[in-house]
Amino acid sequence: MSYCGKTLSKHGLLSLPAVILLSGCGLDINSGDSTTAAQSQGSEEPTVAIAGAAMKGVIQQGLVTANRLISDKDGYYAPQRQAAKPVLTADDGSYEWRLRGKADSWALVELQADSGTRMICDVAPQCEQNSAEPVAFGQPMSLDSNFSLRGAGDLRLETVNLTPLTHLAVALAERSANGLSPDSLSGTYQTVEGWFGLAAGSLRLTPPDLTRLDEADSVSADALQVAIANAAFLALVNNNAQWDSISEVLTDATIQVAETGQISLMGDGTNVALADLITVAAVQAAELQATVDSSIISQRLGVVQSRNVHHFKTVADVYEDTDTSVAETGETANDTTEGSNNDTTTDTTDDNTGSTEETAGTGGDTTGDTIADTDTGTDTSEPTTTETTVEETIPANAALLSWTAPLTRENGDSLAMGEIAGFEVVYGTSAEILDQNLAIGDASVDELLVDELTEGTWYFAIRTLDTDGNRSRLSEVVHKQI
């Protein structure tokens, strides 16, 4: 079994608050010449502030520089180098840089680590380091001098975040004929979002601090998914002896992108694989659920877990069909699985009402060679029962579940698809003890493959989750003999 499959099987898987703007933590922003003095005394020369955060997890005391992206006579865009001192990121990873001139162009922002830079370990339960003791989740760890991040953005938006994913997008844009042009960067940001199964525009979101989720006033599933995708680069160090540091993982992925415009789908035993990053992202979402008290955030982590599981399946299917790397256009990753990330369930309310109201349950049957859907139903509506033939490619130690989403709540009220946050499948080797579960954060999903089941009889049930955090009663329990 591949590394990805082993990891998923092992785990049963096949915003920050508004950024605080700081002015460089006491460092001079400009070069310290007479022009700087004139500006400090009220010069009328316009300036524009660039603000954002460096998050992989939170990067503290990182050196940040910013430069406008200017085109030459041939239309090639490159950073306009200026003599200026870097600013330092704050304890929450935020930074602010002020550039001379109007907000009429794009800028490239770069972070470089030095001996004083620290990163908060955002991998549960700990971050492993080469030749050093592991660092516990939520604790600071040092970074080597090779660590760097880049990001780019429109100065009219005034926000540029720096993450491993924006770093890859900048490297990809540099391959274009026009260099770091606005069009190239806009396209490559979308491409990288597609690679990781993210909703459009996700790379512009400020990722939350995964170590302090219970303190966040509001965090969407999209922002969580971005943060966990970034955490996967460090989580891969924990799961693969080939990599000694986050810098090695990020450098390898960046070189792949810069040289080929692609990132390997399943890997070749040498390079970082997209499938491995998605795998550990799914595992991290599951691990993080144990660290939070908020039921709403826990539910959204379940949504992220499910998205990564389904996106892994998409990547695996593409690999089997083409045996190639992800194309530079990113189109191979932008299928219906990725599209599910745009569902309104990602913007559910942060208030946990604690209501006892339950949505209608659904269920699935796995007997014999077919998967027959059953349902607990309601007094007013019966979901459609369907039957799906199991394909020969379904492993003997797996069960394919399918179901139909309910149309009404148990009290008879109608239930729109937009009100369904997803489903939860529970299963076990006893009908009375269903002690394993899989979260599905997409109301449009109507089947799930549960694999790596040991010999014996396995029992399954399913419940519906709505966007207010309500859960239905479990469906009728069905079973399959392995």
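Visitor: In which sense do S16 and S17 pair, and over how many bridges?

Guide: In this predicted model, S16 and S17 are members of an open sheet of four strands. Strands of a sheet pair through backbone hydrogen bonds, either parallel or antiparallel. For S16 and S17 the sense is antiparallel, and the number of bridges is five.

Visitor: Which residue in S17 is the bridge partner of phenylalanine 423?

Guide: Strand S16 covers residues 420–428, and S17 covers residues 436–440. The bridge partner of phenylalanine 423 in S17 is isoleucine 440.

Visitor: Which are the edge strands of the open sheet?

Guide: The order of the four strands is S17-S16-S19-S20, with antiparallel pairing. From one strand to the next, the twist averages 25°. An edge strand pairs on one side only, and this holds for S17 and S20.

Visitor: How many residues apart are glutamate 410 and arginine 473, whose side chains meet in a salt bridge?

Guide: The N to O distance of this salt bridge is 3.2 Å. Glutamate 410 lies in the loop between S15 and S16, and arginine 473 in the loop between S19 and S20. The pair therefore links distant parts of the chain, and its separation is 63 residues.

Visitor: Is glutamate 410 buried or exposed?

Guide: Buried requires a relative accessible area under 20%, and exposed requires over 50%. Arginine 473, at 52%, counts as exposed. Because the relative accessible area of glutamate 410 is 19%, this residue is buried.

Visitor: What class of accessibility does aspartate 154 have?

Guide: Aspartate 154 forms a salt bridge with arginine 156, and the closest N and O atoms are 2.6 Å apart. Arginine 156 has a relative accessible area of 61% and is exposed. Aspartate 154 has a relative accessibility of 10%, so it counts as buried.

Visitor: How many salt bridges does a search of the whole structure find?

Guide: One of the pairs is arginine 212 with glutamate 215, at 2.7 Å from N to O. Salt bridges also link Arg409, Glu419 and Asp466 in a network. The search of the whole structure gives a total of 13.

How values were computed
Residues are numbered from 1 along each chain as its sequence is written. This is a predicted model: local features need pLDDT of at least 70, side-chain atom pairs count only at pLDDT 80 or more; totals for chains, interfaces and linings use all residues. Side-chain values use heavy atoms; hydrogens and water are left out. A salt bridge is a side-chain nitrogen of Lys or Arg within 4 Å of a carboxyl oxygen of Asp or Glu. Buried means under 20% relative accessible area, exposed over 50%, partly exposed in between (1.4 Å probe, protein chains only). Helices (H or I, at least four residues) and strands (E, at least two) are DSSP runs, numbered from the N terminus. Two strands pair if DSSP finds at least two bridges between them. Axes are lines fitted to C-alpha atoms, for helices over the stretch in contact, and angles run from 0 to 180 degrees between N-to-C directions.
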